[in-house]
Amino acid sequence: MTDLDRAYELDRRHVFKPWVAQAKLDPMVISGSEGSFVWDGQGRRLLDFTSQLVYTNLGHQHPRVVEAIRRQAETLCTAAPTHATLARSEAARLIASHTPGDLDRILFTTAGADANEHAIRMARLHTGRPKVLSRYRSYHGGTQLAVNVTGEPRRWPNDTASQGTVHFFGPFLYRSHFHATTEAEECERALQHLREVIEMEGPSTIAAVILEPIPGTSGIMVPPEGYLRGVRELCDRHGMLLIADEVMAGFGRSGRWFSIEHGGDVVPDLLTFAKGVTSGYVPLGGVAISDAVAATFADRPYPGGLTYSGHTLACAAAVATIETMEDEDVVGQADRLGAEVIGPGLAELASRHEWVGEVRGAGAFWALELVRDRETREPLAPYGGTSPEMAALTQGCVSRGLLPFVNFNRLHVVPPLTISAEEARSGISILDEALDEARNAAT
Ligand code: PLP
């Protein structure tokens, strides 16, 4: 038996996978990776249009990050959160240098869900209020509170209606909940809706609004001009905190350091991050905290913590990731990639494929909304489910050497920010062929 066969067999015997029924799984073995590519168990090279779970922002095995982890392991593998280490202090300084406004203090966590849990805990303690508002069509993590603020089907089996969460609709013109026909109308009506939800729930009971400035897994909807500013104003008016969940969209993904920058100069009170902060090489998450919220815990202990808060290996990976992003203008590169290569390439696909109802995104963060009929906009797979057409499309991509990110009726194009224009174009031409093949098979 080869090592790769052994990896597969032991995985099926002993590994319990998140979110899925276990009986019929057939995982792809990954034997190696480099740059924009991974290799599967048959030695086949696949262009990674997923960045795994949208986190390898610098691509796979970036030598600078690998070397930083190796060097840190040789000198100091770990130290408890109570101590100061150079890796943790530098990581915090670098993150704070890119977060907006006065978000200059960092609570490190191990992932995105626990970052959101802590941000909400801080908001509740800071305001003395219980409720938290979040959007439908959002994902905030798999732990109990984070999955309850989540606004998609993964919440349903975990929702005991006991976590003090209330959901509202955000702007999404293509599937407008407000019968809007322009972005400006959608923005105005989405803000009016939020205003009414706040009024009906009672502003004095609401600690915070948490939102992904650009929702990720739920569909990559870039907000209309003025929406994030409007949410900020509502929060200010009612003494509620604004929590920006930048776990997926942060660290350059949308062509900005943080996706909230697409909303102008809006500064949240708390900003959560994970994934791209280390390019996913070592798990790390965190909350960037404003001066006002930090002051709440100046003389009063913050009631929360983690054994691995600011783990040394993870922080060394964060330092190398951020320094590489700065030195190589990776954020500018992602912006140009979106504007010059991915955006136009996908728009061209949309002009030829009836199934593509809408293309939207920014930077290296794009979604194709696939529909059976452009008039009715009936999704190519139901909300929360899949369909033979989506399965055929996925298979068509993989058989041609492309790893696609598929969610319900959407195909997301979320490659490493460092992908070359040529690699990105070759991935888009595989999508083109796979769309043709799946469409022909369906008719
Ligand atoms: N928030 C957002 C926007 C995410 O996309 C995710 C994960 O995909 C999370 C939070 C949860 O992060 P983690 O899986 O690291 O706990």
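User: What makes domain 1 and domain 2 the parts of this chain?

Analyst: Domain 1 covers 3–61 + 329–442 and domain 2 covers 63–327; those bounds come from an automatic or database domain assignment. This is a predicted model, where local features need pLDDT of at least 70 and side-chain atom pairs count only at pLDDT 80 or more, while totals for chains, interfaces and linings use all residues. Residues are numbered from 1 along each chain as its sequence is written, and side-chain values use heavy atoms, with hydrogens and water left out.

User: How many residues does the contact take from domain 1 and from domain 2?

Analyst: The centres of domain 1 and domain 2, taken over C-alpha atoms, are 25 Å apart. Going by contact (heavy atoms within 4.5 Å), 41 residues of domain 1 and 47 residues of domain 2 take part.

User: How do you know what area domain 1 and domain 2 bury between them?

Analyst: Buried area is the accessible area (1.4 Å probe) that two parts lose on being put together, summed over both. Here that comes to about 3300 Å², 59% of it on carbon and sulfur atoms. Trp19, Val331 and Phe365 supply 23% of what domain 1 buries against domain 2, more than any other three residues.

User: Why is the meeting of Glu369 and Arg175 called a salt bridge?

Analyst: The rule wants a side-chain nitrogen of Lys or Arg within 4 Å of a carboxyl oxygen of Asp or Glu. The Glu369 and Arg175 side chains meet at 2.8 Å, N to O, so the pair qualifies. Across the interface of domain 1 and domain 2, the rule finds 2 salt bridges.
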